[in-house]
Amino acid sequence: MKNKLSILMLVFSLTGAMLISSCRPENATQVLVERESRYDFAHTVETLKNAALEAGWTVPIVHDMQANMHRAGVAVLPATIVELCHSGFAGEILSSDVDRYNLAILPCRVAVFQKADGKTYVSWMDYSRFSANEHGISLNVFRVVSSEMEEIVGKVVRP
């Protein structure tokens, strides 16, 4: 019984360590990407929105997380989530009952935030890596989405 408990504790510890390390920007297998912006915070948000519109995407909503947190009495550095939508890609996914569960990650989100170093950063999902776990319609759609998101975000991030 003691050995089983020790093994179970080891499995939980290793699983937790893997989950934590998979979210770190330094990890080559991550699904989220973080890169420094070329611009200040406000210019990054505006340029990102304009790049999305120029690429044929819409920007249904922008969440000012700093303002939201301020209303809750919590002070944070500037942080915004820009939602991007491409009705053609979303329509393909939503037209399939097999792929419809991916609605949970639609629209695509791009975060713009400042860190204590005063620099502005951008993070987004690497849909190419995400698509490796997909099938059917979603597999192909997320690969194209990945390419377009890289172009959009590429307008603001450092190489």
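Which side chain makes a polar contact with the side chain of Glu83? That of Arg109 does, at 3.1 Å. The views below start from the whole sheet and return to this pair.

This is a predicted model, in which local features need pLDDT of at least 70, side-chain atom pairs count only at pLDDT 80 or more, and totals for chains, interfaces and linings use all residues. Residues are numbered from 1 along each chain as its sequence is written, and side-chain values use heavy atoms, with hydrogens and water left out.

**View 1. Five strands make an open, antiparallel sheet.** The order is S1-S5-S4-S3-S2. Strands here are DSSP E runs of at least two residues, and helices are H or I runs of at least four, both numbered from the N terminus. Two strands pair if DSSP finds at least two bridges between them. Strands of a sheet pair through backbone hydrogen bonds, either parallel or antiparallel. Strand S1 (32-36) and strand S2 (58-64) are the edges, each pairing on one side only. Neighbouring strands are turned by 20° against each other on average, direction ignored. Such angles are taken between N-to-C directions, from 0 to 180 degrees, with axes as lines fitted to C-alpha atoms.

**View 2. S5 pairs with S1 and with S4.** S1 and strand S5 (residues 120-125) are antiparallel and share five bridges. Glu36 stands opposite Tyr121 of S5. Five bridges also join S4 to S5, again antiparallel. Here Ala111 faces Ser123 in S5. S4 and S5 form a hairpin, with five residues between them. Gly118 in the turn has a positive phi of about 85°.

**View 3. Strand S4 is mostly covered.** Of the seven residues in S4 (residues 108-114), five are buried. Buried means under 20% relative accessible area, exposed over 50%, and partly exposed in between (1.4 Å probe, protein chains only). Strand S3 (residues 79-85) pairs with S4 over six bridges, in the antiparallel sense. Phe113 in S4 is the bridge partner of Ala79.

**View 4. Glu83 is a buried residue of strand S3.** Glu83 counts as buried because its relative accessibility is 8%. Its polar contact with Arg109 joins two side chains; a polar contact is a pair of N or O atoms within 3.5 Å, where, within protein, one must be able to donate a hydrogen and the other to accept it, and residues adjacent in sequence count only if both atoms are side-chain atoms. Beyond neighbours within four places in sequence, Glu83 is in contact (heavy atoms within 4.5 Å) with residues including Thr58, Ile61, His63 and Cys108. The C-alpha atoms of Glu83 and His63 are separated by 8.0 Å, although the two residues are 20 apart along the chain.

**View 5. Cys85 and Cys108 form no disulfide.** The structure holds zero disulfides (pairs of cysteine sulfur atoms within 2.5 Å). The sulfur of Cys108 is 7.8 Å from its closest cysteine sulfur, in Cys85, so the two are too far apart for a bond. Cys85 is partly exposed, at 22% relative accessibility. Cys108 is buried, at 4%.

**View 6. Trp57 and Met149 touch the most other members of the largest nonpolar core.** This core has 30 residues. A nonpolar core is a set of buried Ala, Val, Leu, Ile, Met, Phe, Trp, Tyr and Cys residues joined through side-chain atoms within 4.5 Å. Helix H6 (136-153) supplies the largest share, six residues. Leaving out residues up to four places away in sequence, Trp57 touches Phe89, Cys108 and Met149, among others.
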